[in-house]
Amino acid sequence: MLKTFSTATAVLCLMAAPAQADELTDALAADMPELMELYRDLHANPELSFEEVETAAKMAARFRALGFDVTEKVGKTGVVGVMKNGDGPTVMLRADMDALPLVEKTGLPFASTKRATPASGVETGVMHACGHDTHMTGLIGAAQLLVERKDQWSGTLVLIAQPAEELGEGAVAMLEDGLFTRFPKPDYVVGFHDAAGTPAGVVGYAPGFALANVDSVDITVRGVGGHGARPHTAKDPIVLASAIVMKLQTLASREIAAQDPVVVTVGSFQSGFKHNIISDEAKLQLTVRSYSDDTRKKLLDGIARIARGEAIASGLPEGLMPIVTVADNYTPATYNDPELSNRLAGVFKDRFGSERVFEAPAVMGGEDFGQFRRASPDDTQSLIFWVGGTPMDEYLAAQKDGSVLPSLHSPFWAPDAEKVIATGAEALATAALDLMPAQGG
């Protein structure tokens with residue numbers, strides 16, 4: 001995912017010390033066996049979005065055991081833990097809980113064998129193919145370190161276990177259920193995400209836009225059906241929809257500045273049932289990616305304009321204009337506050353060494369982490385950073401022979417979980433200690 005990380009840098013990482021040798025690192029190392037037990041349990045027992053009942057109960061129990069005031073069922077299945085430790089800023093650390101509808105093929109001895117029926121209605125396997133199990137375990141590891149060091153920080157620490165990131169709906173659900181009103185509003189929100197294609201234990205950060213707006217758009221293209229041998233008596237929606245598909249590509253190539261990355265992908269094109277019948281309808285499904293709200297509006301307006309314009313050019317009457325529907329539950333872009341990003345990047349470099357920390361490019365993937373800053377842009381700064389998950393030997397081998405490594409959402413994704421969890425936990429704890437210094441310290 002993070003393409004600017006070079007093979008040469010990977011070799012330096014391999015040679016470098018794993019982290020700053022101090023009591024924080026040593027304490028985390030002592031905690032790792034128990035944390036890995038938690039990870040294996042979470043990995044073997046995944047749950048789909050908004051169905052994370054058992055997972056949430058496990059997280060809530062861990063929060064309580066550490067002394068947090070815990071509230072469950074925030075935003076359906078979300079969990080919030082609050083610990084007040086004197087005066088100072090409020091720092092929120094976030095992990096997401098949900099898994100994907102996917103049959104696991106990693107071959108791990110603790111691989112998931114769970115089955116469930118998602119919204120599609122088709123029973124499937126369930127797998128933590130996006131690494132949320134490492135996120136949750138890393139959060140618990142960080143919380144343990146911070147609770148053991150309450151004399152080193154002052155302020156309010158809020159932990160959240162968030163549901164339904166994969167749907168792009170969990171953060172909003174928690175916010176609408178009072179995350180920033182029923183509980184202390186954070187000055188800072190910090191989280192991490194494992195990264196495929198990047199060596200395990202490497203930290204990447206992206207100041208500014210880090211992840212994209214994600215819109216789902218449906219276009220129903222209408223026509224007049226008829227016999228395939230007499231197309232002049234019909235208005236073929238397949239021909240019209242094809243013209244729309246091709247014209248949509250000009251949004252990126254001719255209407256948006258080249259320096260402003262966008263994606264307009266038609267992921268589904270469905271129409272007709274038989275060779276010699278001209279259908280009266282075609283359906284297109286699009287994913288649309290952008291960064292700024294202004295660019296997002298230009299794209300969505302452009303899609304509607306192109307669909308209508310091509311229909312007019314095809315001679316369709318007003319009553320048969322295409323129907324363009326933009327899904328309400330879009331995921332907004334994630335923006336990492338540059339000041340916070342650079343501040344914590346310095347903290348991470350001090351702890352892990354500059355070889356293990358690098359500035360990463362923004363990606364066109366989506367993550368609803370951006371909702372937290374968006375809910376309170378004047379009061380809340382946020383940063384989501386990457387922790388590489390690909391085992392170093394696999395990374396170096398792939399760089400040498402050009403083989404393709406498993407990506408996130410692959411049934412074969414098996415990160416070096418111990419390095420992801422240890423790095424994520426240490427980074428989260430270090431960030432919180434920097435953002436909430438002990439009073440007078």
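User: How do β7 and β18 pair, parallel or antiparallel?
Analyst: Parallel. Strand β7 (residues 188–199) pairs with β18 over 9 bridges. This is a predicted model, with residues numbered from 1 along each chain as its sequence is written. Local features need pLDDT of at least 70, side-chain atom pairs count only at pLDDT 80 or more, totals for chains, interfaces and linings use all residues, and side-chain values use heavy atoms, with hydrogens and water left out.

User: What counts as a strand, and what counts as pairing?
Analyst: Strands (E, at least two residues) and helices (H or I, at least four) are DSSP runs, numbered from the N terminus. Two strands pair if DSSP finds at least two bridges between them.

User: Which residue stands opposite G388 in β18?
Analyst: A195 does.

User: What does β8 do with β18?
Analyst: Strand β8 (residues 203–205) pairs with β18 in the antiparallel sense, over 2 bridges. There, G204 stands opposite W386 of β18.

User: How many residues of β18 are buried?
Analyst: 9 of its 10 residues, so the strand (residues 381–390) is mostly covered. Buried means under 20% relative accessible area, exposed over 50%, partly exposed in between (1.4 Å probe, protein chains only).

User: New topic. What is the strand order in the open sheet of 4 strands?
Analyst: β12-β14-β10-β15, with antiparallel pairing. β12 and β15 are the edge strands; each has a single partner, so one side of each has no neighbour in the sheet. From one strand to the next, the twist averages 20 degrees.

User: How many bridges join β12 and β14?
Analyst: 8, in the antiparallel sense.

User: Which strands does α6 touch?
Analyst: α6 packs on the sheet and touches β10, β12 and β14. Its direction makes about 175 degrees with that of β12. Axes are lines fitted to C-alpha atoms, for helices over the stretch in contact, and angles run from 0 to 180 degrees between N-to-C directions.

User: And α7, where does that lie?
Analyst: Across β10, β12, β14 and β15, at about 10 degrees to β10.

User: What span should α7 have, and what does the model give?
Analyst: Helix α7 (residues 293–313) has 21 residues, and at 1.5 Å a residue they should span 30 Å. The end C-alpha atoms are 30 Å apart, which agrees. The expected span is 1.5 Å times one less than the number of residues.

User: Which residues of α7 are buried?
Analyst: T295, R296, L299, L300, G302, I303, I306, A307 and A311. Looking down the axis of α7, they fall within an arc of 155 degrees, so they line one face of the helix. That arc is taken from the directions from the helix axis to the C-beta atoms.

User: What do they pack against?
Analyst: β10 (213–222), α6 (237–255), β12 (263–271), β14 (281–290) and β15 (323–326). Contact means heavy atoms within 4.5 Å.

User: What's on the face turned away?
Analyst: The exposed residues D294, K297, K298 and A313.

User: Which residue does K297 form a salt bridge with?
Analyst: D301, with the closest N and O atoms 2.7 Å apart. Both lie in α7, 4 residues apart, about one turn of the helix. K297 is exposed at 52% relative accessibility, while D301 is partly exposed at 41%.

User: How many salt bridges does the structure hold?
Analyst: 21. A salt bridge is a side-chain nitrogen of Lys or Arg within 4 Å of a carboxyl oxygen of Asp or Glu.

User: What about R94 and D96, buried or exposed?
Analyst: Buried. R94 has 3% relative accessibility, and D96 has 0%. They form a salt bridge, with the closest N and O atoms 3.7 Å apart. R94, D96, E367 and D368 are linked in a network of salt bridges.

User: Last one. What is T331 in contact with?
Analyst: G168, A212, N213, V214, E367 and D368, leaving aside neighbours within four places in sequence. T331 is in the loop between β15 and β16 (334–336). T331 is buried, with a relative accessible area of 10%.
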